[in-house]
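Student: I am new to this structure. Can we go through some of the labels and what backs them up?

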Amino acid sequence: MVCRKTRHLGQISRLVTGCLIFGLLLAPLALPIATSTTAQAQSVRVVPEGNRLKNQPKIPFASSRRTAASKSSYDAKFDKVLAVLKRDRRLMGSIKRVSSRYGIDPIHIIGAIVGEHTYNYDTLDSAQSYYVKALSYAGIRFEFELNGEHVDTFVERPQFDNCRKEHIQKSSDRRWSCYESVWNSKFRGRSVDGVRYPRKNFNEAFFQPLYSGQSFGLGQLSPLTVLKMTDRVSRTSNFRKLTAADSEAVYKATMDPNISLHYMAAIIQDAIAAYKSVGKVDISKNPGLTATLYNLGDPWGRAAKFRRSGQTWPQENYYGWLVNDRIGDLRGLL
């Protein structure tokens, strides 16, 4: 009886040992899956807060010339726009609501407004002035054209054939970015079919029938940028999509803070997505970088360039450097 029990226990022991060995043989097969998942999660690195550069990069001459012409200084302009934002609680409330809709920290929109009105615009007297200016555009007839030819007709030229691919036409950002790229490479400053085209960027050549400035409104948006972002804004905020044929609606979107804040948020959201997807870094915690990209544009191209550069982190420009350097003052608005 004892012998049979002992023999039975031995069989159980051998069975358990065999299961353990079998389990160990299988274990390595599962490791690559876990490792792959971890590696994938770690492939996007979060950019630390603050500036990578110790000193502010050189400010462009055009900005210093504008500031000198207004008999002001960067510090004075910064303080003034900060004061305007601080007392305009309605505007701050709108910034917070729009930011929440687009899933971004409102500090990114604040940084863009402060940067634009410190360096690229004379000053910000009040948000109300932009509502008034938006109303002044109502009823004015103008077209997005060059030498009497509408931009929609111009891009029907064979040089733009590559832009007519289905996946490009489905996205307003890809479509207008493609048109812009072709203009720069095939027409800007060149003679084509006996016609000499101006050495101007695409926005300046076609989208400024009223004023010489290249951007307008609270967020200093250009009509071309609005057309690029219209799909994203429509998708997120349910606004109707804009077209170059409706120039009045495009200019209203650049001027009316009730609309332009959504386009500002879309630009920032797009920049964060570009650097996360292409650059493999998350810039959402660094307002100086989103401000830099808001200022420079072309986030997808810049993200690809950063990825190829081998640099550890992307760097801010003079505009974004200010935002990071004065982040405490900007956070105080919230």
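Student: At what angle do helix α3 and helix α4 pack?

Tutor: Keep in mind that this is a predicted model. Helix α3 (residues 74-87) and helix α4 (residues 89-102) pack at about 85°, and their axes lie 5 Å apart.

Student: What makes α3 roughly perpendicular to α4?

Tutor: Roughly perpendicular covers angles of 65 to 115 degrees. The angle here is about 85°. Therefore α3 counts as roughly perpendicular to α4.

Student: Which residues make the contact?

Tutor: From α3 come Leu85, Lys86 and Arg87. From α4 come Arg89, Leu91 and Met92. By class, this contact has three nonpolar, no polar and three charged residues.

Student: Why is α12 called roughly perpendicular to α13?

Tutor: Helix α12 (residues 247-255) and helix α13 (residues 257-277) pack at about 80°, with axes 5 Å apart. The range for the label is 65 to 115 degrees. So α12 is roughly perpendicular to α13.

Student: Which residues meet there, in α12 and in α13?

Tutor: Lys252, Ala253, Thr254 and Met255 of α12 meet Pro257, Ile259, Ser260 and Tyr263 of α13. The contact of α12 with α13 divides into five nonpolar, two polar and one charged.

Student: How do you know that Cys163 and Cys178 form a disulfide?

Tutor: The rule asks for cysteine sulfur atoms within 2.5 Å. The sulfur atoms of Cys163 and Cys178 are 2.0 Å apart. The pair therefore meets the rule. By this rule the count is one disulfide.

Student: Why is the disulfide called left-handed?

Tutor: The torsion about the S-S bond of Cys163 and Cys178 is about -85°, so the disulfide is left-handed.

Student: What parts does the pair tie together?

Tutor: Cys163 sits in the loop between α7 (151-154) and α8 (166-169), and Cys178 in helix α9 (residues 172-187), so the parts tied together are 15 residues apart in sequence.

Student: What lines the second largest pocket?

Tutor: Its lining has 15 residues, and Tyr275, Arg302, Phe306, Pro314 and Gln315 lie nearest the centre. Helices α14 (287-296) and α15 (299-309) are the elements that give two or more residues to the lining. The classes are seven nonpolar, five polar and three charged. The space in the second largest pocket is about 330 Å³.

Note on methods
Residues are numbered from 1 along each chain as its sequence is written. This is a predicted model: local features need pLDDT of at least 70, side-chain atom pairs count only at pLDDT 80 or more; totals for chains, interfaces and linings use all residues. Side-chain values use heavy atoms; hydrogens and water are left out. Axes are lines fitted to C-alpha atoms, for helices over the stretch in contact, and angles run from 0 to 180 degrees between N-to-C directions. Helices (H or I, at least four residues) and strands (E, at least two) are DSSP runs, numbered from the N terminus. Angles under 35 degrees count as roughly parallel, over 145 as roughly antiparallel, 65 to 115 as roughly perpendicular and the rest as oblique. Contact means heavy atoms within 4.5 Å. Ala, Val, Leu, Ile, Met, Phe, Trp, Tyr, Cys and Pro count as nonpolar, Asp, Glu, Lys and Arg as charged, and the others, Gly among them, as polar. On a 1 Å grid over the protein atoms alone, a cavity is a set of points where a 1.4 Å probe fits but cannot get out, and a pocket is an open set with protein on both sides within 12 Å along at least five of seven lines; lining residues have an atom within 4 Å of a point. Grid points are joined across faces, edges and corners, and a volume is the space filled by probe spheres set on the points.
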